[in-house]
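Subject: Structure handover

Hello,

Here is the structure I said I would pass on. My notes on it follow below.

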Amino acid sequence: MTAGIVALSLTMFLAFLAPAAWLTVTRRRTLADPPPAPGEPGLLEVAYMRGGPIRVADTAITRMCEDGRVSVDGAGRLRVERALAYNAVERALLARCGPDWGTSLYRLRVSLQFDAAVDAVRSSLVNHGLMLSGAAVEKWRRAAEAQVAGLVIGGTIALGLLGLPASYPVPMVGLVLLAAGIKLRIAYGPGGPKPPGVTTRGREFTDRTGKSGPWSVHAADAHPEGVAGVVAVHGTGGPGLDQPYVHQLGLAARSKPGTHTSAKRPAPARTSKSSRTAASSSYSSYGGYSCSGASSCSSGSHHSGHSSCSSGSSCSSSSSCSSSSSSCGGGSSCSS
C-alpha cells in the first residue's frame, strides 16, 4: 500500500508541475519580441492593430471614397467611379463591387475582412514584430491544453488520496497545487490578461498611436493620412468625421444582419397552358424574371426602377426587372 501511495503521489506532482513549467516557458518564448523588420507600419497595418480586420475594411473603403474612386449613396450602397486599386486590399474590394448602386456597405465590409489580402496585412505585422505568428500561438495553445489535462489528472489523484489516511499530508499539498495551477492557467493561458496575437511591442505601438503623435489627432485635415487615417486609428465613430460616406459606414457597422435583406420576388402570374408554351418559346427566364428575346440587360448591373431601356430593346409586359437582388447578363439594361 505504501509503495502505491508513493507512486500516486509522484504521478500527481508530475501532472501538476511538468505541464505548468511547459506553459510558463512557452508563454515566455511566444511573447518574446522578435526582431522587427525595417520600415514603419502603413495605413492598413495601423488599422489592423487598432481595430482588427474589420477596421482594415472600413479604412480601405474610406480611402477609396476620399479620393473619389468609389462613392456611397444615402441608402448605404457603393458604386465604383474609377476602377483603380493601389494595394491588394483595394483590389479585393473592387472584386466585390459592381458598377451599379447595388453593393451594400454592410455586406462589403463584412466579407472583405475575411479576404486573403487582409490576412496578408496581418503577416506584415508579424514581420514588424507587432503580432505573433499563427504557429507560435498554436504552440502556446497546445501547452495550455496540456496544463489543463495535468490539472485534471493531478486533481483526480489528490481527491482519491484524501480517502487514504496514510497518504496525509500529500493530498492537501495536491489541492494547493491544483488551486495554484488554475490561477496559472488563467494568467498565463492564451485567453488570459494578455491574449495571443499581439506582442509587447505591438501593444505599446497600438497605445502610442492612439494617444500621442500625429496619428492620434482627430481632425482629418491635420492627420497625415487624412480621413482614412482618422478612421484607421479611431474608427468611424471618432469625433470630427462629418463626411457622408463615413456616416454610412458607421450605420453599416451598427446594423444587424437581419436588417439587410433583399427584396422578395413577386409571385408569378397565373397563365394558361397555351400561354406558358408560347412564353417558353419567346422569352428567356433568369432568376424568376423574364425578359423578351430581343432585349438584354447590362452585365453586372442590378435592375431597379430608375433603369432605362436602350433603343430597340424592351422587357415583355409579363416580366419585371425591379428587384435589386436580380440581374440579367448581356448588353443593355431593362426597365419595367
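Which residues in α2 meet which residues in α9? On the α2 side they are V46, M49 and R50; on the α9 side they are G202, F205, T206, T209 and G210. Please keep in mind that this is a predicted model.

By class, three nonpolar, four polar and one charged residues make up this contact between α2 and α9. Packed helices are described by the angle between their axes and the distance between the axes. Here helix α2 spans residues 43-51 and helix α9 spans residues 200-211. Their axes are 10 Å apart, at an angle of about 100°. Angles of 65 to 115 degrees count as roughly perpendicular, and α2 and α9 are therefore roughly perpendicular to each other.

Next, the sheet. It is open and has three strands in the order β1-β2-β3, with antiparallel pairing. Strand β2 (residues 77-80) is joined to β3 by two bridges, and L78 stands opposite T103 in β3.

D58 belongs to helix α3, which covers residues 53-66. Its relative accessibility is 5%, and buried means under 20%, so D58 counts as buried. The side chain of D58 makes a polar contact of 2.8 Å with the side chain of R109. Apart from neighbours within four places in sequence, D58 is in contact with R109, V231, T236 and L249.

Regards

Key: Residues numbered from 1 in each chain as written. Predicted model: local features only at pLDDT ≥ 70, side-chain atom pairs only at ≥ 80, totals over all residues. Heavy atoms only, no water. Helix = DSSP H or I, 4+ residues; strand = E, 2+ residues; numbered from the N terminus. Buried < 20%, exposed > 50% of the residue type's maximum accessible area, 1.4 Å probe, protein only. Polar contact = N/O pair within 3.5 Å; in protein donor to acceptor, adjacent residues only side chain to side chain. Contact = heavy atoms within 4.5 Å. Axes fitted to C-alpha atoms, helices over the stretch in contact; angles between N-to-C directions. Parallel < 35°, antiparallel > 145°, perpendicular 65-115°, else oblique. Nonpolar A, V, L, I, M, F, W, Y, C, P; charged D, E, K, R; others polar. Pairing = 2+ DSSP bridges.
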